[in-house]
Amino acid sequence: MKLNWGTGIVIAIIAFMSFILYFVISMSTGQNYTHDLVSEEYYQKELVFQDNIDATKNAKALTENIQVKKVPEGLKVYFPTAFNPKDITGKVFLYRPSNKQLDFETPISISDTYLLVPEKRLLGGRWNIIVSWNYKNTPYLFEKELIY
C-alpha cells in the first residue's frame with residue numbers, strides 16, 4: 001500500500017490528538033496531581049473583601065502595628081502597646097501553602113501585649129500569617145509571609 005501526503009497528514013493529526021487526549025486524561029485522573037483550592041469558601045470571602053481592605057487601612061494607619069518575631073518557644077505576635085490587651089479580640093490564622101493539613105487558627109486571648117504560638121504547631125518552611133483583630137469595635141487586619 002502506498003501512502004500519499006494527504007494520508008500522512010491525517011495519520012499525523014490522529015496521532016497528535018491521541019497523544020493530547022492521553023495526556024489530559026492521565027493528568028486529570030492521576031493521584032499524584034491533586035488540585036486543592038486555596039480556600040473552600042472563596043465566594044464568601046470575596047463578598048467581605050472591601051471589609052478586609054478597610055481593616056488593612058486601619059492597621060496601616062496605626063503608629064505601631066503588629067510585629068511577629070521568632071523566639072525559642074515559638075512565634076510571638078506583638079500587639080500595639082498603646083492598646084489595652086484585654087480589649088483586643090479576634091483570631092490568628094496561620095496558613096501553610098504547601099500543606100493545608102497544617103493550617104490552624106488561634107483565638108486571641110491575651111493578658112499581655114503579645115500572643116505566643118507554640119513551636120510544636122509550626123514546622124520549618126513558609127507560612128502566611130493573618131491576624132484579624134478588633135479593638136473597641138474597630139477592625140484591623142495584618143497579613144505577612146514568613147519563613148519559620
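**View 1. The chain reads α-α-α-β-β-β-β-β-β-β along its sequence.** That makes 3 helices and 7 strands. Both are DSSP runs, numbered from the N terminus: helices are H or I with at least four residues, strands are E with at least two. This is a predicted model: local features need pLDDT of at least 70, side-chain atom pairs count only at pLDDT 80 or more, and totals for chains, interfaces and linings use all residues. Residues are numbered from 1 along each chain as its sequence is written, and side-chain values use heavy atoms, leaving out hydrogens and water.

**View 2. The C-alpha atoms fill a box of roughly 90 × 35 × 20 Å, taken along the principal axes.** The radius of gyration, taken over C-alpha atoms, is 25 Å. A compact globule of 148 residues would have one near 15 Å, by the rule of 2.2 Å times the number of residues to the power 0.38.

**View 3. The largest nonpolar core has 26 residues.** Such a core is a set of buried Ala, Val, Leu, Ile, Met, Phe, Trp, Tyr and Cys residues joined through side-chain atoms within 4.5 Å. Buried means under 20% relative accessible area (1.4 Å probe, protein chains only). Leu-75, Phe-79, Leu-94, Ile-129, Val-131 and Trp-133 have the most contacts inside the core. Strands 2, 3, 5, 6 and 7 each supply at least two of its residues. Strand 6 (126–135) gives the most, with 5 residues.

**View 4. Leu-94 and its contacts.** Contact means heavy atoms within 4.5 Å. Neighbours within four places in sequence are left aside. Leu-94 then touches Leu-75, Asp-103, Phe-104, Val-117, Leu-122, Trp-127, Asn-128 and Ile-129.

How values were computed. Buried means under 20% relative accessible area, exposed over 50%, partly exposed in between (1.4 Å probe, protein chains only).
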